Structure formats: C-alpha cells, structure tokens
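Take a look at the structure below. Then read on for a short tour of its rings, charges and turns.

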Amino acid sequence: FFCLRNNTARMPITTQEMRQAIVAEETLNSYTYDIFKLLDDGCKDEPAFLTGWITPATKVSYKAMVASLENQTKREQAATKKGWLQKSLLDCVHQPMLCIQNCEIEQWMTFLTGQDGDKKMSKSTYNTRCSAVHHLFRCHRDLDGYPLEFGRDLGLLKKGLFRIVTTNAQDEGGVSNGEGKIPMSAPLYVKCCEWFLEKGDDASIFCHTFLVLSWNLMCRAKSTSRILWEHLKWDSDCLNIMFAQQKNDAFGLTALHPRRLYANPTNPAVCPVFALALYIATFGGRCSSNDRLFPGTSQYKRFMDGLKELLWEHEVEVKSLLSVKEGEDEGKIEDIGSHSIRKGATKWVSGQPGGPSAISICIRGGWSLGGVKDVYMTYNAEGDAFCGRMLSLMPLLKAEFASSAPEIVDIPLPELQQHVGRVFPAMTDNGPLQPLLHRCLASLAYNKGYVMNWPLSHHVRRNNNLFCDRVLLDKLNKNVKVFYPWDREASHTASLSGIPPHVVLMVDMKKMLEQLGQLVSTRDEAMRNVLNDVFDDRNVANGSISERRMREVITNAQQDMISTQQKMFENMLKKFEEKSGMDGMIANSGTTQQQMHSTTGNSSIPFAYYEHSGGSWPVPEDYHFPNGTVQDLWTRWNVADTVNGIPPLRTLQGKSFTFMASRAKARSPARIFCDIKALCEYIENTCVADQVVLDCETPEKACAVLYSVATQENGIINTTSNRSKHCKWSTALTRIQQLKRKRRRQGGAQRNRERETTSRRENVAATTVEVAATTVDAQRRESLTVDTQRRESLEGQSRDHSQASTSNSDDPQSGGRSRGSSRRSSSSVEAAGVRPVRQSRGQAQSRSRNQATTSTREQAQSRSRSQATSTGNSGGGRRNQARSDGRPSRRPKRRRTNNDPSHGDDFASAFGDIAVPPAARAREVTHDKANERVVLEGVLAEAGVSTRTRNSRQTVQPMPDGTYLHLGNT
C-alpha cells in the first residue's frame, strides 16, 4: 500500500527491522532502566535475588560492556548501554540472555518489591517493571511472553501485592490524587494560552500552537509532533486532522478517521484556527506536503522547556489554578507535563453536562474499548464533531455554541487569493492548503482588535504582513463575518456540524427573541411617531407652546447643528488626509511633527517622524528590530509597515536607532542594524550575480525573489537542518560569515599552493637551464677543440696546395691539375666532417663592404691617435683637458656590439673563409625563431619542465667560443 501510494520502490523489510519495531522506541527507553536493574543483580558473582537467571555468555558480555564505560561521558554511556541492549535483545533468538528453567516467580516478586528498599512505588511502577520483563521473555525463542506457569502465578500474586500496597497507603495517610501527571484544568489551559501570546516571541507562538492543537486533538504529544502538512484539510466548517498511526492502532486502520477542530470566535486565545494562522504567518516557509508541521527531531523537548519556563514565571497563579476540588490534594508544577494536557482535555469533555458520549470520547482519544465494543462501537463523524466543539471551549449552554468560523465575504475569489499570497507569500504554491489559508486569513482579520492591543514589540505586530498593511487590514476586517443559525443567510448556516439537540432548541428560541425584539422596536417607533405628530398638531392649533417643548426644540436644533458641523469637519479632515497621504496620522498629532517619504516601487509613501527621546525619529519609541526568519527580515527590509508608520529598513540608517541604546542588552542598535544591512545586501548581491530582478514592492514579490536565490551553497538557507525554515536571520548571517571565512581560507590555501608550485617549477627550470648551459658549453668546447684541430690540419694542406699551384701557375699544363687539386682539397675537407661555407654574391658583397668599413675605421683611428699624440705633446687634447668644475674629463668608451664586424676578427683570421663570423652567428641564432630554442627545449623536455613560466623574459647566453645562445623565454 505504501509503495503504490507514493509511487516508489522500496527494499524488502528485514526480520531484524521487524524485531526492532516490536515496541516503540520510547517504550524501549522506559524498559531499559528496569532490564538493567535485573541484569545488575543477576550478573553479580553472588546475586541477591535472581540467582541463576542470567546465562554465562550474557554475564561476560555485560561485564565487558560495563568496563568500557569508565572513560565515557554520561551521554556516551547511555548510548553504549542502549546499543548493547538492542543488540542483545535481537540475538536472544540464537543466544539467550535468560536461563528460562531457572526463572522462579518467588525470586522475581522478591526482587520486584525489595530492590528499592523503603521507597514507596505506585501500581504503574510495578506494572512497568513487569512489562519490561515480559518483553525480555518474548524476545527468546519459543516464548510469546512469560512462561506458562510464571505468567499465571504472576497475575495472582500481583493482585495480592496491589491490595497490600493500597491498604498500607490508606493506613499511613498516603492516598494520592492519582498516578502520573496531574490533569491540566481548563482555566489553567486558557491562562497558559494567554501567557504564551503575551510573551510575543516566535518561540512562544510555537508553544501556543503546539498546546492548542494537543488540547483540541486530545492526543499524545508524540502524535502532535508528527503531524504533516498533508494531514491538514479544511472541510465545510471545520479543520480536519488525520493520524496515520497511533499507539492503539499500530497498523494505521483508523488513518481515514479525521479529528475535527472548530474555531472559537468568542475567545481567540484558545481558537485552533487563529493559533494555526499565527504559526503559519510566523514559520510558514516553502514546504512540501510530506513535511512536518513542526519540523525537527526534538519538538517535544522544545515545547516542554517552554511550558515549564512559563509555569515557573507565573508560579503563584499556577498554584492557585492547580487547586482541585474537595477531597483532592493540591498539585505541584513538577507534576504537570505533556500528558497533563491529554488528561485535562478528557476531563473537560467528559465532565460537562449534556456533553458527548463516552464512546465518542474514547475513539477521539485513541483508547481501545476492547473485544466486542471495538467491533460494533466505531467512529462516528457527528460524535467526533461534538467533541471538537466542546474542546474549542465554546459555551455549551449558550446559543453561540453553534457559531461558524470567521469567513470573508463580498470579495471575489481571485482577489482573495491575491490577499492570501500577500499575507502567506511562501504558501501560495500549495494548492490543497488554500481553503485552510482562506480561513486563517479571515481569523486574523476578525481578531484585529485583539492583536492591536499587543505592544509593538510583539512578533506578530512587527513581522506579520497583514498587520503591517493598513489598507488590506481595514478592507478584510470590514468583509469578515461570523454566522449563526438565526442569521438570515441560511446558505452559510446550513452546513454547521457538531451541534447537540439542546443547542438547536436554544437557537430556535434565539430566533424567536430576535423576531420579537424587531417587532417591539418597530411598534414602539411607530407609536412614538404618531403621538408626536398628534401632540405637535394640537399645540400648534391651540397656539400654546410650553416651556418644556421650547427647550426640547432648542436642544434638538443644537444637537443637529453640532452633528452637522462635526460631519463637515470629518469630511474635510478625510479629504486632507487622502490628498496629503497622511491617512490616520492626524490622530497621533501629539507625537507627529514632520513627514518623511520612502519610495517603494513606483509609489511614494509618506511616513511621519515621531517626537520622543528629545528628538525626531523615523520609528516610534517602542520599536524593536525584526527577530524572525530571513523571510520576515527581507520583507521588512523592502516593504513598509503602513499600520505602525514604519518605512522600509533599507531607507534608514544606523543613527536612526540611537535612542534604543538605553535599552540595549548586548549589542548596540547601530551594530544590529549593520548586521541586518549586511545580510540584506548579501541577498541583493546574490540576486545581481544570478541575474534576478529585484522587484520587492509587495511581500509576495519579495518572498519570490528570496526563494529564487536562497540555496545551501550561498548560505541563505540550510537545507541540511530539519528546522531550516524556522532559523532566525541572525543564524543565517552567522552561517554566511562562516562560509565566507571558509572560502577565504580555501582561496588563500589555493594561492599558497599555486605559489609553491610556481616557485618549485621556477627553481627546477633555473636548475635545468644551468645544467643545460653547462652541458652545451662542454659540448661546444669539445666540438671546438676537434674542429680546430681538423681545420688547422686542413688549412696546412690548403696552404701547401696553394704554394704548389702558385709555383706551377706559369706552366700552362699545370692549370687543370691545380683545379683538380682544389676540388680534391674541397672534397677532402667535406670528407673530414667540416663543410665549407658557400657564400652567395650578396654575402660576398656584404663581406667586402665590412672589410672596407674596417679599413676606413682603422685609418680614422690611426689619425686620431696621431692627433692625440701631437696634442698630448703640446699639453692639450680632450683626454687630459680639465673640465670647468676642476675634474678631469673622461672619454666615454665605445661598447662593442654583436653587429660589430671587428668582434670576430681574431676568429676569422684563425679560420679564414671556412667558419662563419661570431657576429653573424649571433644574428642567425637571435632572429631565426625556428631554431632559437632547439637545444634548451630538448633538455627541458627530458627533465619534464615547461619553458613557459609566470615571469618570462628573453635572454641571450654568451658561449665560451664567442657565439651567443638565445635561450628564449626563461
């Protein structure tokens, strides 16, 4: 059924999971203490009571577990003991914990009554310990609980035990009011609801909703904490809540039986619809249908902490309300718990005269009737509806018991849907909840007077979108109405449910009284008009007007004149307010002296300055910063509060709140506003980065913009938390700051790693370049030595051939032989491994020009030297001529460049025409891009180092042989 309903595939449930689910986790926790008491006694070397009960293997395992608890904290010890017990219970099928044949009933009863000494125990304590042992027995193979004889004897002995305990308590004066938690009375329940609402923070709103739902559902606190959004449904005139599973219904057979909850228009503090409306407006973030209404794993503890704190704050009043009827003792605050709500609701419903039947109360409370009763006495909708109206605390003995929930009339459905989106902006996408949201909106508008009595520091007054929009609030308040059966709108009252017969009779009597009153008022008015006409005619006809009549005429004329002038003044004032935009601000003329304008969207909204604290301020004296969720803060940052006259926070500055410094507790108001500004500007920057249009003129638009950019990555929301939608904006700001610091640390570490990698590569590259240069230098030297020797030998042979050709130049027969010898010499040079350079015509001409330039330069240098010598002899010249400042003048030295032909004169004279001059080689290596990095790249490639680095520059390495090696980018 579950797989078909959710359209999902699930793995088969294992037998181990089934064994773990035999009892609920909370029940197993209550059994743990009693089972360990049994093991502590049975695992001793000399047990005091349970001799021979525990098997040897269990004793060894238990002692080892106890030894491992020495260095653990209390929480770790509890987790270790619970895990060991669960594993041992699962293994009982194959490795028993008890020696069944040694379990004697006498030993168990002695242990049961003697382990706590003189401490008095109640019947429920004895039953709980027996239930724990019963569960321990049924975990063994071939046992479905107690052994046969053990169970029969235990039932008999327990009767005698309880009789003795009761008799002793009566003789000793220890008769108690009851076992467990004491019931919460209806007056105390009403007071707790009022106190929660008066506190005004978001935690109190949660506790108030949890308390009201638990009372009206008359259920266990665990069932309340497990309500899902899909369990809520509005039907006709009531709210239906369904439970998928209960304690007495482990298989969910009653899941289709809804519990009906009714609104209470006469007392908003205990109205479940009003409580749910406040909760949705406060914590109503975007959610799916299978999300919990109260998300989180410890909502029971959260509620109980808030309830205990509230009770101790009003200790005197609580103790006065705990005083019970005669014959019963006064209760204590420690005796009030979550189960007190269930007991108190049951006591209230069952104790009212003419209330619901006991069968309906048991079915709503989830109590089994047993046997035949469960078969024939089943759920009935009308009986449950009657219980629902009773639990809402509507007056049973008045005709107003049959009232309907507040409803908005005379507004079209599309427009009403827009209003719902304005007040509950994050819930507009949830279609099944729309009827419920309509009723919640009507309940908020109907209780406008009740809410406006709260101070401005109240969370609802500060953050609820309805109570921050004057136009919408006034409009809805005029169109909301509660219907009664005697109203003429029969279409609204025909569907009212849960009304008992005596209330129907009172409704009929109410209708008769209404009709009779209308008849009497009509008759009296008609008779009065007739008599006035008669008396007036007679007085005028007789010509006599009495003094009394004259006074009445004058008084009536004055009253008419005053009322007319008052209406004229009100109309003029209203027109002035509409034209100036100060609607409702004139009433605060004592505190309002100036105006400020705040632009929201395309409309300019004026707001008043408030005179207090010795100056003019844009916010009232009792103003408090928003302390709700990120959605609440983002809405107040962009949308104005026209009810309280507060502009959007983005239009204000930190100095606008300096008057609040006197009541600041920890942080100054300016710092808090800086935090608010930082968070909202971060959201704005995220919208700009994601290219989201910042259209936040209304609450629903602001909510849409927020949820379009809110992700786990940017830290605006935390999807890993069960209560991510309930987190306050300060928590979100802390999360964002931590995320920024983490990113900065990661960025710094990444930059450090990049710098280390770059430095390492540069070092490796420098070392490799040095090795390469050394290698190339050695290879060049070696090749230079070999080439020099070969060239010297070949040059000697060439000179010999030249001399021989010169001596035979006059012999015509030797010409061919000379040319052949020359060719043979060239061939021998090539065969020796040295290829002569073949100069083109251009190279020859360039060489001749260079030689001419060299000769010209040598002649100029010789002339200058001769002039310098002559000048030096005569005591003059530039070299020895003194400067005007007394210092000798120095002739700048001429730098020798690579293009200077004289740079390689010695090399050329040594090798003649065979070798290329070093200057030409340098130019060749520098400008030939195809060959400039051949040697270096080959060496670096073998070393696995790239030649491209972060800071690159071109360098030329001079070689020992006079050439230049261009190293490229290094």
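Is Met377 buried, partly exposed or exposed? Met377 is partly exposed, because its relative accessible area is 38%. On this scale buried means under 20% relative accessible area, exposed means over 50%, and partly exposed is in between (1.4 Å probe, protein chains only).

## About the model

This is a predicted model, in which local features need pLDDT of at least 70, side-chain atom pairs count only at pLDDT 80 or more, and totals for chains, interfaces and linings use all residues. Residues are numbered from 1 along each chain as its sequence is written, and side-chain values use heavy atoms, with hydrogens and water left out.

## A nonpolar patch

Met377 is found in the loop between helix H17 (372-376) and helix H18 (381-391). Helices (H or I, at least four residues) and strands (E, at least two) are DSSP runs, numbered from the N terminus.

Val375, Tyr376 and Met377 form a nonpolar patch on the surface. Together they have about 360 Å² of accessible area. Such areas come from the Shrake-Rupley method with a 1.4 Å probe; for residues, only the protein chains shown count as cover. Patches are made of residues with over 30% relative accessible area and no salt bridge: like charges are joined within 9 Å, and nonpolar side chains (Val, Leu, Ile, Met, Phe, Trp, Tyr) within 5 Å. A salt bridge is a side-chain nitrogen of Lys or Arg within 4 Å of a carboxyl oxygen of Asp or Glu.

## Aromatic rings

The structure holds 27 aromatic pairs. Rings of Phe, Tyr and Trp (its six-membered ring) pair if their centres lie within 6.5 Å; planes under 30 degrees apart count as stacked, over 60 as edge-to-face and the rest as tilted. Take Phe206 and Phe294: their ring centres are 5.6 Å apart and their planes stand at 80°, so this pair is edge-to-face. The pair links distant parts of the chain, 88 residues apart. Phe206 sits in helix H10 (residues 202-217), and Phe294 in the loop between helix H12 (272-283) and helix H13 (299-313). Both Phe206 and Phe294 are buried.

Now take Trp617 and Phe659. Their centres are 5.1 Å apart and their planes at 50°, so this pair is tilted. Trp617 lies in strand E8 (residues 615-617), and Phe659 in the loop between helix H27 (630-638) and helix H28 (669-689), 42 residues apart. Trp617 is buried at 15% relative accessible area, and Phe659 is buried at 9%. Elsewhere, ring pairs link Trp53, Trp108, Phe111, Phe137, Tyr146 and Phe150 into a cluster.

## Charges over rings

Which residue lies over the face of Phe206? Arg302 does, at 3.8 Å from the ring centre. Lys81 lies over the face of Phe36, at 4.8 Å from the ring centre. A charge sits over a ring if NZ of Lys or CZ of Arg is within 6 Å of the ring centre and within 35 degrees of the ring normal.

## A hairpin

Strand E1 (residues 232-235) has two faces: Leu232 and Trp234 are on the covered one, Lys233 and Asp235 on the uncovered one. In a regular strand the side chains alternate between the two faces of the sheet.

E1 and strand E2 (residues 238-241) run antiparallel and are joined by four bridges. Two strands pair if DSSP finds at least two bridges between them. Asp235 has Cys238 in E2 as its bridge partner. The hairpin has two residues between the strands, and Ser236 takes a positive phi near 60°.

## Salt bridges

How many salt bridges does the structure hold? The structure holds 19 salt bridges. In one of them, Arg389 meets Asp237 (3.3 Å, N to O). Arg389 lies in helix H18 and Asp237 in the loop between E1 and E2, so the pair ties together parts that are 152 residues apart in sequence. Arg389 counts as buried at 1% relative accessibility, and Asp237 counts as buried at 7%. Salt bridges that share partners also join Arg422, Asp469 and Glu700 into one network.

Lys191 and Glu194 form another salt bridge (4.0 Å, N to O). They are three residues apart in helix H9 (residues 186-199), so about one helical turn separates them. Lys191 is partly exposed at 31%, and Glu194 is partly exposed at 24%.
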